[in-house]
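Hi everyone, thanks for coming.

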Amino acid sequence: MHCFKSAVGAQTALWMLTGLAFSPVCGAQGHDSTIVIKFSHVVARETPKGKGAEYFKKLAEERTRGRVKVEVYPNSQLYKDKEELEALQLGSVQMLAPSVSKFGPMGVKAFEAFDLPYLFDGYEAAHKITHGPIGQSMLMQLQQHQMIGLAFWDNGFKEFTANRPLRRPEDFKGLKFRIKSSKVLEAQMRALGAIPQVMAFSDVYQALQTGVVDGAETTPTNIYTQRWHEVQKYLSLSHHGYDGYVVVANRKFWDSLPLDVRGTLEQALNDATRYVESITVREEADAIEAIRASGKSRVIELTAEERSALKEALRPVHQQMEGRIGREVLESIDSATRSDQKHSKAASALPVAVR
Ligand code: LMR
């Protein structure tokens, strides 16, 4: 992209002469010209992540008075899940917000804890991790991978979809389920007697439609905006796992930002994070309602007994994955989500790399 560093007056004269709309846009380094942030993601604009990215764009552009321009590319327009992380590391895009699950395959194993079934019983418990020292320590570990972890955003709690009603563990037997690339999710599906199949998010609709897979799991806002409910007869309100995002930036890019701009962007991101947290629960409920109203997929409420049977069947996954994720990480999450008092004790017992 050509970068105009000439005096504004000269540019204006040129525009007046030619009538052309020259764009004074440049890469991150030229602080006398516009800083462009390409923010890529894989979900629809109408989801909490999509709205959060747009809100961040609005605040960043307003508060830097146009010094920063944020270009948001939703719906895997630029990259699918795996490619977007590679693109960020190479600097082809500057910001992303991948699911927490997507950092495990990169080698940051602590993130795999989030994929454990029924790890959190609600947002309050999840926020004890994402707002606290354990989450901070996870973000720090991303620095070795050419990225800066800036914030956690909520996506929601996952539900299962299929063409058969899923109420009890035996209902999953023999069904093929799309999962994100995650050893924990693989173990989760196997514990239910299902067959996991790793697939990019953008390919799921077609895979469900053509029967390449029989079922899937994600949050209600994703199910609704990706129209999975049009190709799946049932949605079970299993609430079996938390899904969140990590807003990440390319490290070299972020470090090269002028300090005042970086501070403004961090503040904008803080506000965008609060915004995402303020809309997620409502958006989740609205999506379930919209799916119900569409009449295309039946929404199944689980009884307390059905939910505890599922929980019971999935409990061994925690033990199985302990060696991978790390016992200390799991113990610290466990005590942080149980009581604040225990938490501070457990956090201080963590090795520095995890703290
Ligand atoms: C998925 O791949 O299921 C999700 O991570 C997509 C997303 O970003 O919400």
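Predicted model: local features only at pLDDT ≥ 70, side-chain atom pairs only at ≥ 80, totals over all residues.

**Around the ligand**

Residues are numbered from 1 along each chain as its sequence is written, and side-chain values use heavy atoms, with hydrogens and water left out.

Two further side chains have an N or O atom 2.8 Å from a ligand oxygen: Lys 49 and Arg 178. How much of the ligand's own accessible area does the protein cover? The answer is 100% of 270 Å² (Shrake-Rupley method, 1.4 Å probe).

The residues around the ligand, each with a heavy atom within 4 Å of it, include Val 42, Val 43, Asp 81, Lys 180 and Tyr 245. By class, this shell has four nonpolar, three polar and five charged residues. Here Ala, Val, Leu, Ile, Met, Phe, Trp, Tyr, Cys and Pro count as nonpolar, Asp, Glu, Lys and Arg as charged, and the others, Gly among them, as polar.

So where does the ligand sit? It sits in the largest cavity, in the sense that more than half of its atoms lie within 2 Å of the cavity's grid points. A cavity is a set of points, on a 1 Å grid over the protein atoms alone, where a 1.4 Å probe fits but cannot get out; lining residues have an atom within 4 Å of a point. The volume is about 110 Å³, counted as the space filled by probe spheres set on the points.

Strands S8 (215-218) and S9 (234-250) each supply at least two of the lining residues; strands are DSSP runs of E, at least two residues long, and helices are runs of H or I, at least four.

Now to the largest pocket, with about 610 Å³ of space. A pocket is an open set with protein on both sides within 12 Å along at least five of seven lines. Among its 20 lining residues, Tyr 118, Leu 119, His 318, Asp 334 and Arg 338 lie nearest the centre. Helix H12 gives the most to this lining, seven residues.

How values were computed:
Polar contact = N/O pair within 3.5 Å; in protein donor to acceptor, adjacent residues only side chain to side chain.
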